[in-house]
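Dear colleague,

Please find the structure below, with my notes after it. I would be grateful if you read the notes with the structure open.

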Number of protein chains: 2
Amino acid sequence: MQSLFKVVIQNYPSQLLDRAVAQMSTLPGVGRKSALRHVLYLLKQPAEDVRAFADAMTGLREGVVYCKECHNISDTEICSICSGTRRDRRVVCVVENVQDVMQIENTGQYNGLYHVLGGIISPIDGVGPRDIEIDSLVSRVSRGGIDEIILALPTTMEGDTTNFYIYRQLMRLEHADLRVTQIARGVAIGGDLEYIDELTLGRSIINRTEFTA
Amino acid sequence: MQSLFKVVIQNYPSQLLDRAVAQMSTLPGVGRKSALRHVLYLLKQPAEDVRAFADAMTGLREGVVYCKECHNISDTEICSICSGTRRDRRVVCVVENVQDVMQIENTGQYNGLYHVLGGIISPIDGVGPRDIEIDSLVSRVSRGGIDEIILALPTTMEGDTTNFYIYRQLMRLEHADLRVTQIARGVAIGGDLEYIDELTLGRSIINRTEFTA
């Protein structure tokens, strides 16, 4: 089907090109047109550069290690955060994935450890509590030395479910001093009240904090 | 430097990840954040899928062939368009690159052959007439059998320069019957006059065509 206003590139002059574009367009958010642009860009580069590109992808996939403690991506058995000597080992922040760790690290506001779940509970996607790193979190806490668990999961139904499940599992440990907290939700800094959703705005009023001048 | 409103992910927990993201972000229009998303997506795929992805890129770069006749990407020495038996071999459309061939092919309105220059004359970028496939075009025309050259280069100063250079070279051949044409420029179909630039609108009035009901 061809429309007058949008022509979709589909006649590739080469099987090799077709295959490369098909592979490139498997990447999230990359359509056939961007994929073609990317592939033709690679085609113009020296062969050794394209090989370096390809090797970086397979090298990562085949060489990647996950930290035995927090399940973050790592080059070593225990990641640089978990083995860091200046980290506060009594606080563990629970996040969905590796990006979240990087995002929080980049704030420069957190000095504790992490626990990467590798997903959140989602019955629709067939992800149950056993499919993500909840048991390892509970056993980590049960070994002692942790005073606070900060829940930093998304504010979705799945995130809330996962939060609740983790909370219940942790309460079973009868670890009297354990604090379970969650990150503050509210109006973003620089965010305009006019464009904020009512749920967030409502929550930001309920959870208001003392003004300090 | 960290800004309050935009946090750039820069602390990669793994050298392998860092390298993969660096490579991914060399693609045109892919920033560090998209690159990270692409790479983490690949990381979640089976190892053989990532290998297939990588192989498709190196396979294209190392196995690609350019048609000896028109310089389009091809799997064979002479591409499927140049070797097509139902093509009008008397008309050759001159384009800047491989995408342009695909775009024109997708219109379904053209049945002639192509000539891919592989660039346009651009003194700023150090691209001269000898760096692109102009000589091969001239020698192709001089061998005879071509009645019309359609110039379909971009309407930029570089495109105009290249058009003019090609025109002058072809005129030297003293090929009496050769027509040199260029694709129609005007208001796009579905385009609103209100938002069109004055140059295009002016040109579309000068180059008006007979109305056929």
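How many helices and strands does chain A have? Chain A has seven helices and six strands, where helices (H or I, at least four residues) and strands (E, at least two) are DSSP runs, numbered from the N terminus. Their order along the sequence is α-α-α-β-β-β-α-β-α-β-α-β-α.

Some notes on conventions come next. This is a predicted model, in which local features need pLDDT of at least 70 and side-chain atom pairs count only at pLDDT 80 or more, while totals for chains, interfaces and linings use all residues. Residues are numbered from 1 along each chain as its sequence is written, and chains are lettered from A and ligands numbered from 1 in the order in which they are written.

Overall form of chain A

The radius of gyration of chain A is 23 Å, well over the 17 Å that the globule rule gives for 213 residues, so chain A is more spread out than a compact globule. This radius is taken over C-alpha atoms, and the rule is 2.2 Å times the number of residues to the power 0.38. The C-alpha trace of chain A spans about 70 × 45 × 40 Å along its principal axes. Of the 213 residues in chain A, 27% are buried; a residue is buried if 20 or more other C-beta atoms lie within 10 Å of its own, exposed if 12 or fewer, and partly exposed in between, with C-beta atoms placed from the backbone.

The contact between the chains

The contact takes 57 residues from chain A and 58 residues from chain B. Two residues are in contact if their C-beta atoms, placed from the backbone, lie within 7 Å. On the side of chain A that touches chain B, α3(A) gives the most, with 14 residues. The residues of that side divide into 31 nonpolar, 19 polar and seven charged. Here Ala, Val, Leu, Ile, Met, Phe, Trp, Tyr, Cys and Pro count as nonpolar, Asp, Glu, Lys and Arg as charged, and the others, Gly among them, as polar.

Helix α1 of chain A and its partners

Helix α1 (residues 15-24) of chain A and helix α3 (residues 47-63) of chain B have axes that come within 9 Å and cross at roughly 150°. Axes are lines fitted to C-alpha atoms, for helices over the stretch in contact, and angles run from 0 to 180 degrees between N-to-C directions. α1(A) and α3(B) are therefore roughly antiparallel to each other; angles under 35 degrees count as roughly parallel, over 145 as roughly antiparallel, 65 to 115 as roughly perpendicular and the rest as oblique. Residues of α1(A), including L16(A) and A20(A), meet residues of α3(B), among them F53(B) and L60(B). The residues of this contact divide into eight nonpolar, three polar and one charged.

Within chain A, the axes of α1(A) and α2(A) come within 8 Å and cross at roughly 120°. That makes α1(A) oblique to α2(A). Among the residues that meet here are L17(A) and V21(A) in α1(A), and L36(A) and V39(A) in α2(A). By class, the contact of α1(A) with α2(A) has seven nonpolar, one polar and one charged residues.

A buried residue in chain B

L170(B) lies in helix α6 (residues 157-171) of chain B. With 21 C-beta neighbours inside 10 Å, L170(B) counts as buried. Not counting residues up to four places away in sequence, L170(B) touches V138(B), V141(B), I149(B), L178(B) and V180(B).

With kind regards
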